[in-house]
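Student: I would like to learn how to read a protein structure, one feature at a time. Could you take me through it slowly?

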Amino acid sequence: MSKPVLVIGAGPVGLTMAIELARYGVPVRIIDKLPTRTTQSRALAIWPRTLELLQASGCVKAFVANGLHAKALRIHRGNKILARIPFKTISSYFNYLLMLPQSETEKLLEEHLKTLGCTVERETELTDFVDKGDSVSCTLTHKEGKGESLEASWLIGCDGAHSFVRSKLGMVFEGDTLPISFVLADVRVAGLFMPPDEPTIFWHHDGAVMLFPISRDRSRIIADIGSAPLRMPDLEEIQEIINQRGPGGLTLSDPVWLSDFAVNERKVRRGNLTEGLYIGLDYEKVYFV
């Protein structure tokens, strides 16, 4: 293949795609319009099947060494345990849930990609593309507005919920936003009586609150706030929620990330017809992941 594959977006999906292409000897370029990778924890959990795929890619050892191995999921009502679901029964060499912040996931993937001879081109944005049948003509804009024309053999859009690739193709991002709002906090938690390597869900009539270990001294708390509008929480609000719904006796401190979010269940329809152009996941030369 004389022309490179162009991957748009250097999050976990784009980095994994670039790694898979590079390790099979396919020429690849990966670009991202942001100047740096994320510093937020975001997605935390890596399941056994994903670890098996990372093993095939040759980078699982770094993940296993850097993540926290969660051994079970606990379900509580207050300080009473209702159920404990062990992960050791999973039929995999990786019979645990690996807790690793997305910032670290991206770092490890990017470092592995470099060993395969490819680096992320940051502050570089795809601003236009045209499918030419046997290639894709792409227009890139680099830092300070410098332009570049690139002929790519394939274009792969891994550019997230607000994807330029998907938008330009006219693909409808179909689905729903669940009518439930959530708040989260990455904090230190004092007074834990449950094992620090077991994620715990506390059931409560006002909504569930979930406690996920990030590392030995830091946890994430996620709380369902029902149909209330999205709002940025403060530590006092999260403390009040954990006092009300948790086991009692927990003290939160040192927040490094406070946020709110909604859950979307959406996907691109396979095979749209828009303005006479066939597009979809099997569109001839432009794929969206």
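Tutor: We shall go through a helix, some strands and then the aromatic rings. This is a predicted model, in which local features need pLDDT of at least 70 and side-chain atom pairs count only at pLDDT 80 or more, while totals for chains, interfaces and linings use all residues. Residues are numbered from 1 along each chain as its sequence is written, and side-chain values use heavy atoms, with hydrogens and water left out.

Student: How many residues does helix α1 have, and how far does it reach from its first C-alpha to its last?

Tutor: Helices (H or I, at least four residues) and strands (E, at least two) are DSSP runs, numbered from the N terminus. The expected span of a helix is 1.5 Å times one less than its number of residues. Here α1 (residues 12-23) has 12 residues and reaches 16 Å, close to the 16 Å expected; glycine 25, with a positive phi near 80°, follows α1.

Student: Which residues of α1 are buried?

Tutor: A residue is called buried under 20% relative accessible area, exposed over 50% and partly exposed in between, with a 1.4 Å probe and protein chains only. In α1 the buried residues are Gly14, Leu15, Ala18, Ile19, Leu21 and Ala22. They cover an arc of only 165° around the axis, and therefore lie on the same side of α1, where the arc is that of the directions from the helix axis to the C-beta atoms. Among the elements that cover them are β1 (5-8), β2 (28-32) and α4 (102-115).

Student: What is isoleucine 19 in contact with, leaving aside its neighbours within four places in sequence?

Tutor: Contact means heavy atoms within 4.5 Å. With those neighbours left aside, isoleucine 19 touches Ser57, Leu109, His112, Leu113 and Leu116. Its relative accessible area is 1%, so isoleucine 19 is buried. The C-alpha atoms of isoleucine 19 and leucine 113 are separated by 5.5 Å, although the two residues are 94 residues apart along the chain.

Student: In which sense do strands β9 and β10 pair?

Tutor: Two strands pair if DSSP finds at least two bridges between them. Strand β9 (residues 125-131) and strand β10 (residues 136-141) pair in the antiparallel sense over six bridges, with valine 130 opposite serine 137 in β10. The two strands form a hairpin with four residues between them, and glycine 133 in the turn has a positive phi of about 90°.

Student: How many aromatic pairs does a search of the whole structure find?

Tutor: Rings of Phe, Tyr and Trp (its six-membered ring) pair if their centres lie within 6.5 Å; planes under 30 degrees apart count as stacked, over 60 as edge-to-face and the rest as tilted. The search finds five such pairs. In one of them, the rings of tryptophan 47 and phenylalanine 87 have centres 5.8 Å apart and planes at 85°, so the pair is edge-to-face. Tryptophan 47 lies in the loop between β3 (45-46) and α2 (48-57), and phenylalanine 87 in the loop between β6 (80-86) and β7 (97-99), so the pair ties together parts that are 40 residues apart in sequence.
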